[in-house]
Amino acid sequence: MGGQLMALITRFLAKEIETLYVAGDGRVNPGIPPRMEGRRLICFPGSFNPLHTGHLRLAAAARDIVYQNSGKEADLIFEMSVSNADKGKPK
């Protein structure tokens, strides 16, 4: 998932696509997520600039916790900001 996700994030940051959707099974798609009845949704906010394995591990841990507590897989949305007030202006 890392290489495909990074390619889509690069396109997102270049403003070539407006949204990214990562399904619970790991599929990554540009666009708005489909409506999924009875599924859990995790929204993971941040700039992800750069995206690193820590982000992916934290997201995987969150999905695991939701599954352990509910018995249902969770879909994950990376809510990404193009700029981050804590990191200064992009160069």
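These are my notebook entries on what I looked up in this predicted model.

**Ground rules.** I number residues from 1 along each chain as its sequence is written, and for side-chain values I use heavy atoms, with hydrogens and water left out.

**Confidence.** I looked up pLDDT, the predictor's confidence in each residue on a scale from 0 to 100, and noted a mean of 77 for the protein, with 73% of its residues at 70 or more. Among the elements, strand 1 (residues 20-22) has the lowest mean pLDDT, 70, and helix 2 has the highest, 91.

**Overall layout.** I took helices (H or I, at least four residues) and strands (E, at least two) as DSSP runs numbered from the N terminus. On that basis I count two helices and four strands, and reading along the sequence I find the pattern α-β-β-β-α-β. For burial I used relative accessible area, with buried meaning under 20%, exposed over 50% and partly exposed in between (1.4 Å probe, protein chains only); buried residues make up 26% of the 91 residues in the protein. With a contact meaning heavy atoms within 4.5 Å, I noted that residues 24 or more positions apart account for 56% of the contacts with a separation of 6 or more.

**Strands 3 and 4.** I followed strand 3 (residues 40-46) against strand 4 (residues 74-80) and found them paired in the parallel sense over seven bridges, where pairing requires that DSSP finds at least two bridges between two strands. Within this pair, Leu41 stands opposite Asp75 of strand 4. Strand 3, helix 2 (residues 53-70) and strand 4 together make a right-handed β-α-β unit; right-handed here means that, with the strands pointing away from the viewer, the path from the first strand over the helix to the second runs clockwise.

**Helix 2 and what follows.** I checked the span of helix 2, which has 18 residues and reaches 26 Å from its first C-alpha to its last, close to the 26 Å expected at 1.5 Å a residue; the expected span is 1.5 Å times one less than the number of residues. His55 lies in this helix and counts as buried because its relative accessibility is 17%. Leaving aside residues up to four places away in sequence, I see His55 touching Phe44, Phe48 and Pro50. Just after helix 2, Gly71 takes a positive phi of about 75°. Lys72 and Arg40 are 32 residues apart in sequence and 7.1 Å apart in space, C-alpha to C-alpha.

I looked at Lys15 in the loop between helix 1 (2-13) and strand 1, where its phi is near 65°, a positive value in a residue other than glycine. Lys15 is exposed because its relative accessible area is 68%.

**Salt bridges.** How many salt bridges are there, if a side-chain nitrogen of Lys or Arg must lie within 4 Å of a carboxyl oxygen of Asp or Glu? I count one by this rule, and the side chains that meet in a salt bridge are those of Glu16 and Arg11, at 3.4 Å from N to O. Glu16 is exposed, at 53% relative accessible area, whereas Arg11 counts as partly exposed at 35%.

Key. This is a predicted model: local features need pLDDT of at least 70, side-chain atom pairs count only at pLDDT 80 or more; totals for chains, interfaces and linings use all residues.
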